[in-house]
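Keep the 3D view open while you read.

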Amino acid sequence: MPVEFLGIAGTNPASEVTPRTGGALDLEYTAKLARAHEDNGWDRILFAYHSGSPDPSQVAAYVAGKTERINLVVAHRPNVAYPTLTAKTFATLDHLSGGRFEVHVITGGSTADQAAEGDFLAKDDRYGRTREFIQILKQAWTSDERFDFAGKHYQFEQFVADIKPLQQPRPRISFGGSSAAAYAVGASEADIFALWGEPLAGTKEQLATIDAEASKAGRVDRPTIQIAFRPILAETGELAWAKAERILGRIKDAQAGGGAARGRYRDPRKTPENAGSQRLLKAVEAGERHDRALWTAPTGLTGGGGNSTALVGTPETVAAALLDYYDLGVRIFSARGYDIYDDAVDFGRYVIPLVREEVARRENATREDLAS
């Protein structure tokens, strides 16, 4: 498809504005949210990873039985399982889902969360391990012959997987990061390079770096680019910005409440370790509003935490803002609202069709120009 949309496969209703009241895994809600994405035009949903979270691959297997079409993107950290085991696990999941599996490989941006599962590698070494992990995954999924691997982080002899993915030649592999090491690994190894939502100028800068690294690695084309935002929609621009301010207040209230909500935030007094969050905080320093609809206030409030920049406005305004990024070369849009279920439905009903229609119109116009 010329443009794709990625949502979140949450396992409970909690978010930055909604403290969790129940357990980590609410199966009824998990299935309901997945079907809401599938029924409202989304292409993919992400099963996120944290050191203490429910296992995303098992949750994805459960959701596979509750859905029919949507692709299941499982986040995975290379430190938690040997790549040969991971290759078999994910090939099995691809069969269970009828060929709807993808993997998002996470190198790890928090030393503390890596250490919680026994990983004490330095950050650049983690990227080196990620490179080897992806290389092994690709070969394990496609090789019918036994092969050896002798890297810095993984060594084995004469492995061959009896089970291969249903998808041919293999499922897509996505990757994210904004450091020099991340650009080098992702641009050379990933099918999809995931970025957080920066202002247009910063995104353009990152794409140029990814292009340069892909060329250096000998790739004829760069990875498909994915970018993430938090949509805040309303019938008018004025109502959308009023809603945005209410969301900011709800974030503050949730933070003050502590408990299950507290762990969702970085300490804004500390400089984040990962380059992506550092870049987001620089955007905050430059102002709260950027370009057509980008809003950075939640980013500052949550200490530069990951997917935290918002697009605020009517569906038409937010769709136009996404198309600005499409014009830069972005082809996958990741969107996760603050009221996760309701926002998944609204974004799917009111924004996704507008973007798809405009992309189709542009493609048809291009074909007609080429034919004339």
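Are helices α11 and α13 parallel or oblique to each other? Before answering, bear in mind that this is a predicted model. Two packed helices are described by the angle between their axes and the distance between the axes. Helix α11 covers residues 315-328, and it packs against α13 at an angle of about 45°, the axes being 9 Å apart. That angle is why α11 and α13 count as oblique to each other. Their crossing is right-handed. On the α11 side, the contact is made by Pro315, Glu316, Ala319, Leu322, Leu323, Tyr326 and Asp327, and on the α13 side by Leu354, Val355, Glu358, Val359, Arg362 and Glu363. Sort the residues of this contact by class and you get 8 nonpolar, no polar and 5 charged.

Helix α13 has another partner. Helix α12 (residues 340-350) and helix α13 (residues 352-371) have axes that come within 3 Å and cross at roughly 30°. With an angle like that, α12 and α13 are therefore roughly parallel to each other. Here Phe347, Gly348, Arg349 and Tyr350 of α12 meet Ile352, Pro353 and Leu354 of α13. The classes in this contact are 5 nonpolar, 1 polar and 1 charged.

Now jump to helix α1 (residues 27-39) and helix α2 (residues 56-64), whose axes come within 10 Å and cross at roughly 65°. The crossing of α1 and α2 is right-handed. From α1, the residues Leu27, Thr30, Ala31 and Ala34 meet Val59, Tyr62 and Val63 of α2. That contact of α1 with α2 holds 6 nonpolar, 1 polar and no charged residues.

| Helix pair | Crossing angle | Axis distance |
|---|---|---|
| α1 and α2 | roughly 65° | within 10 Å |
| α12 and α13 | roughly 30° | within 3 Å |
| α11 and α13 | about 45° | 9 Å |

**Strands with both faces covered**

Time for some strands. In a regular strand the side chains alternate between the two faces of the sheet. You can see this in strand β4 (residues 101-105). Phe101, Val103 and Val105 sit on one side, Glu102 and His104 on the other, and all of them are buried. Because 5 of the 5 residues in β4 are buried, the strand is largely enclosed by the rest of the structure. Which way does its partner run? Strand β3 (residues 71-76) pairs with β4 in the parallel sense, over 5 bridges. Look for valine 73, which stands opposite glutamate 102 in β4.

**A closer look at threonine 224**

Back in strand β9 you'll find threonine 224. Is threonine 224 buried or partly exposed? Its relative accessibility is 28%, so threonine 224 counts as partly exposed. The C-alpha atoms of threonine 224 and isoleucine 192 are separated by 4.6 Å, although these residues are 32 apart along the chain. Setting aside neighbours within four places in sequence, threonine 224 is in contact with Asp191, Ile192, Phe193, Arg331 and Ile332.

Last stop: the backbone itself. Glutamine 168 and proline 169 are joined by a cis peptide bond, with omega about 0°. Proline 169 lies in the loop between β6 (155-159) and β7 (173-176).

Which positive value does phi take at glutamine 158? Phi there is near 55°, in a residue other than glycine. Glutamine 158 belongs to strand β6, and with a relative accessible area of 44% it is partly exposed.

Aspartate 291 also has a positive phi, near 55°, and is likewise a residue other than glycine. Aspartate 291 sits in the loop between β10 (289-290) and β11. Its relative accessible area is 48%, so aspartate 291 is partly exposed.

Key. Residues are numbered from 1 along each chain as its sequence is written. This is a predicted model: local features need pLDDT of at least 70, side-chain atom pairs count only at pLDDT 80 or more; totals for chains, interfaces and linings use all residues. Side-chain values use heavy atoms; hydrogens and water are left out. Axes are lines fitted to C-alpha atoms, for helices over the stretch in contact, and angles run from 0 to 180 degrees between N-to-C directions. Helices (H or I, at least four residues) and strands (E, at least two) are DSSP runs, numbered from the N terminus. A crossing is left-handed if the near helix is turned anticlockwise from the far one by less than a right angle, and right-handed if clockwise. Contact means heavy atoms within 4.5 Å. Ala, Val, Leu, Ile, Met, Phe, Trp, Tyr, Cys and Pro count as nonpolar, Asp, Glu, Lys and Arg as charged, and the others, Gly among them, as polar. Angles under 35 degrees count as roughly parallel, over 145 as roughly antiparallel, 65 to 115 as roughly perpendicular and the rest as oblique. Buried means under 20% relative accessible area, exposed over 50%, partly exposed in between (1.4 Å probe, protein chains only). Two strands pair if DSSP finds at least two bridges between them.
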